[in-house]
Amino acid sequence: MLTVTNVSKTYGGKRLFEDVTTTFDPGNRYGLTGANGAGKSTFMKILAGELEPDNGSVTRPARSRLSMLHQDHYRHEHDRLRDIVIMGNRRLWQALQQKETLLAKGDAMTDDDGMKLAEIEVAIGEEDGYSAETEAERLLTGLGIAPALHEQPLTRLDSGMRLRVLLAQALFGSPDILLLDEPTNHLDIDSIRWLESFLREYKGVLVVISHDRHFLNEVCTHTADVDYENIIVYPGAYDEMLQQKIEFRTQAEKGNASKQKKILELQDFIRRFGANAKKASQAQSRRRAIDKIDMVDLKRSNIQRPFIRFEVRKPSGKLALEVEKLGKSFDGRSVLKDISFTLTRGEKLAIVGPNGIGKTTLCRILAKQLEADRGRIAPGHEVSIGYMPQHHEEGVSKQDAKTAFEWLYQWDEKASVQEIRGLLGRMLFPSEDADKPVKALSGGETARLLMSKLTLTRDNLLILDEPTNHLDLESIRALTEALQKYEGTLVFVSHDQYMVQDVATCVLELRGDRGCDFFPGSFEDFLTKTGRAGVN
C-alpha cells in the first residue's frame, strides 16, 4: 500500500495539487491521468521518493520493493540486455555480482568466503534468482526483442528499442510497487497487447501514466485524475472516470445554481424587510440561513481541448494514390519489398506492423521526403500532399529562430494576422505562446503547430506518421474526431488502437521480406481475418 497524506506541490510558480490525501492499494491498477503540465510525472516522482513534496508525506511499506520505469537509455549502454533487465532487482543483482567475484577466486577461496557464498546463495534463492535469466528473456521477447539480441550490449539497439529494455527492467522480479510513466512509448500494437496482458496479472500496486486511452481502459481498475489542483481517485478505467467526472461536475454546477438562487431569494427578503422591526427576527433568520449554505468550490479544470479541423481546398480525382511494387533498402538490407496498393478518394489507410518493419520509411517515400529504390508511385489527379513526420524536428527545425506565429504564417501569407492567431488560439496557443520561438516549444506544442499547418494548407491527401506522439488524451480524442470527419484521403501510422479502430477504412500490414497484405475494411475486420481478434 502507498499512503499519500496532505501532499502539495508547486512547480515554476504554478500550484499543481494541494493537500492530496489518498491510498493506492495492492491488487489495484491505477491510471494517473490529467492534461499536459498538470503534474502527473511530478506526482509519480513524489510517489517514488525521487522528489520531495512542498509539504505532506508518502508512506511505503517496510521492505517493499518499488520499481519505476526510467527512460535514461544511456545509463547501461555497454551492458548486456539480459543483465540490464535483471538489474531491476537490485538485491538480486548485487548478490549475483558478489557470487561471481567469490567464485573467481577459485582455489584461493577461504572458509569465510565459503560461508559468505552460502549466505549469498540463500539471498539469490529468496529473490528467485535461479529463474532470473529465463524471466528476463521472457520479458524481452514479449516486448519484441529477438532472443538473438539478449546477449548483445544496449548500444546495438536504437533509442526506441532501448526503452523496451528499460521497461522490461522495471517489470522484472514482481516488485511490490510498480510505477510506469508512458510505458507504451515506442511499442507497436502487438507489444502493447502483450503488456496489457502482463499487467492484468500483476498483483502489486500499479500506477501508470499513459496517453493511450485503449491501454488505460484495458489495464486499469481505478483512475487517479490530476485536475482542479487535486488528485481524485475514481473506481473504473479511463472512460468510466470521465463519465463520473462529468456527472459530478454537472451535479455540482446544478447544485450551486440552485443554492445561488436560494441565496438571492433570501437576500431579496432581507433587502425588503431588514429595516422592518416586525420582521427583524425573520430577516436575521434568513441571514443565518445564508451563512449555512455551502457552495461547492468548483475550481477551473486544467483540461483544454484543441479545435482541430482538416478541410480540403480542392478534391482530388477518384483515384487518389497508386503504389506498385515499391522497394527500399538501406546498406544492402531490404526494408520494403513489393509494396502495392491503391487508394480511392476518401479512403483512410492504417499502416501496421512491428517496429522496424518500415512504416516510417514508407510514409517518407509517399510524402516525397525519401526516394524509393524501385517501384512506382502515382498520385491521382489534383492530389496535394500534407505530411506530419514522426520526428517533429523534420517538420519544425529547432534551429529555426521564428516564433510559432511566424512559422505558421509562412505557409499562407495571404492569411490575415487575425486568422493565424485565431487558428493558433483554437490549437491552444494563447497570444503569449504564439510569440514563443519554435525551439522553445514542448513536444505537445510542436505537434499542435504541425497540425495547424495542415489545417492551413488544406491538402486532400494527408500522410501522418504517429501523429499522437506527445499529445494528451483530450488532444488525441480531438484529432481522432477530426480524422473521422476529414473528407480527403488519409494514410497514417499510429499505435493508438482507438484511433486505428475509429478512423481506418482499410489496413496495410507490412510483412518484411514477404511484402505486404492489403485488407479492405476496418481494423476490427483486419484482426478477425488475421485471427487476432480478442487476443491479448
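**Notes on the model**

1. Leaving aside residues up to four places away in sequence, Glu 509 is in contact with Val 352, Gly 515, Cys 516, Asp 517, Phe 519, Phe 526, Thr 530 and Arg 532. The model is a predicted one. Glu 509 sits in strand E17, which covers residues 506–510. Its relative accessibility is 8%, under the 20% limit, so Glu 509 counts as buried.

2. For Asp 331 the angle is about 50°, and for Arg 458 phi is about 55°. Asp 331 belongs to the loop joining strand E10 (319–330) and strand E11 (333–344). Arg 458 belongs to the loop that runs between helix H15 (443–457) and strand E15 (461–465).

3. Are these two residues buried or exposed? Asp 331 has a relative accessible area of 86% and is therefore exposed. Arg 458, at 30% relative accessibility, is classed as partly exposed.

4. Turning to aromatic pairs, the search of the whole structure gives 9 of them. One of these is formed by Phe 17 and Phe 43: the ring centres are 5.4 Å apart and the planes stand at 85°, so this pair is edge-to-face. Phe 17 is in strand E2 (residues 14–24) and Phe 43 is in helix H1 (residues 40–48), so the pair links parts separated by 26 residues in sequence. Phe 17 and Phe 43 are both buried. They also belong to one aromatic cluster, together with Phe 24 and Tyr 30.

5. Next, a helix pair. Helix H5 (residues 132–142) and helix H6 (residues 159–171) have axes that come within 9 Å and cross at roughly 135°. The crossing of H5 and H6 is right-handed.

6. Which residues of H5 and H6 meet? From H5 they are Glu 135, Leu 139 and Leu 140, and from H6 they are Val 165, Ala 168 and Leu 171. By class, the residues of this contact comprise 5 nonpolar, no polar and 1 charged.

7. For the write-up, I would keep both numbers with each geometric description. Two packed helices are described by the angle between their axes and by the distance between those axes. A pair of aromatic rings is described by the distance of the centres and the angle of the planes.

Key: Residues numbered from 1 in each chain as written. Predicted model: local features only at pLDDT ≥ 70, side-chain atom pairs only at ≥ 80, totals over all residues. Heavy atoms only, no water. Axes fitted to C-alpha atoms, helices over the stretch in contact; angles between N-to-C directions. Helix = DSSP H or I, 4+ residues; strand = E, 2+ residues; numbered from the N terminus. Left-handed = near helix turned anticlockwise from the far one by under 90°. Contact = heavy atoms within 4.5 Å. Nonpolar A, V, L, I, M, F, W, Y, C, P; charged D, E, K, R; others polar. Phe/Tyr/Trp six-rings, centres within 6.5 Å; stacked < 30°, edge-to-face > 60°. Buried < 20%, exposed > 50% of the residue type's maximum accessible area, 1.4 Å probe, protein only.
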